[in-house]
Amino acid sequence: MARIVFVLGGARSGKSEFAEKMLADLPNREKVYIATSRVWDEEVAARVRLHRERRPAEWLTCEYPTTDATAFQEILTRGKAFLFDCVTMYVNNLIMDNIDLSRATEEDVISDAALTSLMAELETKLAAMLAATKAAEGTFIFVSNELGLGIIPGNPISRIYRDLVGLANQRIAAAADEVRFVVCGIPTVLKRGE
């Protein structure tokens, strides 16, 4: 039976390191790191390098810079313990595939109908991902940023992003057996399974 753990935190809060330690501490199993980031500039490349250097060499890394459900299900056949880092980049990939980012500062960057469609697509993809995860054996750790604790973003695309990440976080937290919130490298328990 699958066990889902959800690790949340702000940017640079220590959430990824905490989740990596959780994965490392699991009994010896086939461990898979699912990397969702697309590398589009040198800053992102440097962050990806940092994450790679922290991971044990024996962990299998599966690049998942997409939201394709079939690709996700194939990854689930490759191990028994998984770390999905991170949900915020997964949502970013969905937005990049559906919104013209060259218009990101314009108020009409996306119509209400298009936003409703994008939210429905995210809901569908998350439901499929969580169903596949629950059907798999082993432990699955999701990592995500909590974006709702700051000010309301100043441009439309940032508000859409915050709203979609918030929706994704709610759905994953509801499905999770355990939810941790990391602040300043210190994890707190928000939800603990029976």
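Which loop does Cys184 lie in? Figure 1 starts with that one, and the other close-ups follow. Everything here comes from a predicted model, where local features need pLDDT of at least 70, side-chain atom pairs count only at pLDDT 80 or more, and totals for chains, interfaces and linings use all residues. Residues are numbered from 1 along each chain as its sequence is written, and side-chain values use heavy atoms, with hydrogens and water left out.

**Figure 1. Cys184 and its backbone.** Cys184 sits in the loop between strand E6 (178-183) and strand E7 (186-191). Helices (H or I, at least four residues) and strands (E, at least two) are DSSP runs, numbered from the N terminus. Cys184 is not a glycine, yet it has a positive phi of about 55°. Its relative accessibility is 70%, so Cys184 counts as exposed (exposed is over 50% relative accessible area, buried under 20%, partly exposed in between; 1.4 Å probe, protein chains only).

**Figure 2. Arg12, another positive phi.** Arg12 isn't a glycine either, and its phi is positive at about 60°. You'll find Arg12 in the loop between strand E1 (2-9) and H1. With a relative accessible area of 63%, Arg12 is exposed.

**Figure 3. The largest pocket.** This pocket has a volume of about 720 Å³. A pocket here is an open set of points on a 1 Å grid over the protein atoms alone, where a 1.4 Å probe fits, with protein on both sides within 12 Å along at least five of seven lines; lining residues have an atom within 4 Å of a point. Grid points are joined across faces, edges and corners, and the volume is the space filled by probe spheres set on the points. The lining runs to 30 residues, with Arg12, Arg47, His51, Cys86 and Met89 nearest the centre. H2 gives the largest share, eight residues. By class, the lining has 12 nonpolar, eight polar and 10 charged residues (Ala, Val, Leu, Ile, Met, Phe, Trp, Tyr, Cys and Pro are nonpolar; Asp, Glu, Lys and Arg are charged; the others, Gly among them, are polar).

**Figure 4. A cis bond at Cys86.** The peptide bond from Asp85 to Cys86 is cis, with omega near 10°. Cys86 belongs to the loop between strand E4 (81-85) and H4.

**Figure 5. The second largest pocket.** Its volume is about 190 Å³. Lining residues include Asn92, Leu101, Pro153 and Tyr161. H6 provides the largest share, four residues. The class count is seven nonpolar, two polar and one charged.

**Figure 6. Aromatic rings.** The structure holds 10 aromatic pairs. One of them, Phe84 with Tyr90, is edge-to-face, at 5.9 Å centre to centre and 65° between the planes. Rings of Phe, Tyr and Trp (its six-membered ring) pair if their centres lie within 6.5 Å; planes under 30 degrees apart are stacked, over 60 edge-to-face and the rest tilted. Phe84 is buried because its relative accessibility is 0%, and Tyr90 is buried with a relative accessible area of 2%. Both belong to one aromatic cluster, along with Tyr64, Phe72, Phe82, Phe140 and Phe142.

**Figure 7. Leu94 in helix H4.** Leu94 is found in H4, and at 0% relative accessibility it counts as buried. Leaving out residues up to four places away in sequence, Leu94 touches Thr67, Leu118, Glu121, Leu122 and Lys125 (contact means heavy atoms within 4.5 Å).
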